[in-house]
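Student: I have a model open and want to check its labels against the cut-offs. Can we take them one at a time?

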Amino acid sequence: MTEGRGSWAIEPLIEEAWAAYQEGRYQQAVAAASRAVEAGRELDDPVLLVRALHAEASTQRLMGDHAAALARYTQIMGLAQDPASSGRLDNPRAVRAIADAYWSWTSSARYLTGIPVRELFKVLDVGERWLAATGHQDWRASILSERAATHRMLGETNAAIAAAEEALAAAIRHPDDPGYTIDTHRFTLGDILRDAGRTAEAAPLYQTILDGSTSTPWSRFVAHEGLARCALDAGDTATARREARTTVLLAEPLGDIALCSSLEVQTEVYRA
């Protein structure tokens, strides 16, 4: 448990960051998390520092600032491996943040051209070993999802589908793991199936996200975009246009990557 003078002031900042994250107020989330990171460094409190870095990086990744997110995930993994701090990171929330850093690092790294794609499997292998060593093999779903996304990027469709299906099954078995939401696993599998021409299998995955009561703004954006592309593939222009318009509206507060993607979908739909 984290104690000491000043820690009482950092905890509310971390909670504020995550609350803003869940509500889609990403600029406010980054601002609160950044203040918590500065305070964590000043206090030399690795637990609070790791948790604050995690909140900051998670928000930056959703906003499309993958270079900044990657730097913070790297700091988290460095703290976990540094003998001077690793022994002080047995707090359950810090352990969850460290686990997340392994798969989220890979997610951000895929957007940066300076890292060879196949090299990402090595980081995922390290993450798998860390989960096994710490007794958290039931947290593998997000590692598997990142394997699926990396196979997809390499054009290895069958391997990508297999890994994504395994990831979704693992997430359903262990819904309380600290990784990606079940909705994230659904749209990852949906995207891969749609790329493979299996639109009829992909569309229900997107619709399940929208039918749920706990989906995040990002998940809803991706689901509507997926349905727009499915409708376009099926020749249903009216539905494709409706879904494409929705993606643009949802994308505006989510950052440049979301907005560019939504406009690309809308352009494809109106050219069809």
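Student: Which residues in helix 9 are buried?

Tutor: This is a predicted model. In helix 9, the buried residues are Ala160, Ile161, Ala163, Ala164, Ala167, Leu168, Ala170 and Ala171.

Student: What do the buried residues of helix 9 pack against?

Tutor: They pack against helix 8 (141-153), helix 10 (182-195) and helix 11 (199-211).

Student: How do you know what span is expected for helix 9?

Tutor: The expected span is 1.5 Å times one less than the number of residues. Helix 9 covers residues 157-173 and has 17 residues, for an expected 24 Å. From its first C-alpha to its last, helix 9 reaches 24 Å, close to that value.

Student: Now a single residue. Why is Ser85 called buried?

Tutor: Buried means under 20% relative accessible area. Ser85 has 6%, so Ser85 is buried. Its place is in helix 5 (residues 83-86).

Student: Which residues does Ser85 touch, not counting residues up to four places away in sequence?

Tutor: Ser85 touches Pro46 and Leu79.

Student: On to the rings. How many aromatic pairs does the structure hold?

Tutor: Five. One of them is Trp18 with Tyr21, at 5.1 Å centre to centre and 75° between the planes.

Student: How are Trp18 and Tyr21 placed in helix 1?

Tutor: They are three residues apart in helix 1 (residues 7-22), so about one helical turn separates them.

Student: Are Trp18 and Tyr21 buried or partly exposed?

Tutor: The cut-off for buried is under 20%. Tyr21, at 16%, is therefore buried. Trp18 has 23%, so Trp18 is partly exposed.

Student: What makes the pair of Trp218 and Phe221 tilted?

Tutor: Stacked needs under 30 degrees and edge-to-face over 60; the rest are tilted. Trp218 and Phe221 have 55° between the planes, at 5.4 Å centre to centre, so the pair is tilted. Trp218 is buried, and Phe221 is buried too.

Student: Which residues form one aromatic cluster?

Tutor: Trp18, Tyr21 and Tyr26.

Technical notes:
Residues numbered from 1 in each chain as written. Predicted model: local features only at pLDDT ≥ 70, side-chain atom pairs only at ≥ 80, totals over all residues. Heavy atoms only, no water. Helix = DSSP H or I, 4+ residues; strand = E, 2+ residues; numbered from the N terminus. Buried < 20%, exposed > 50% of the residue type's maximum accessible area, 1.4 Å probe, protein only. Contact = heavy atoms within 4.5 Å. Phe/Tyr/Trp six-rings, centres within 6.5 Å; stacked < 30°, edge-to-face > 60°.
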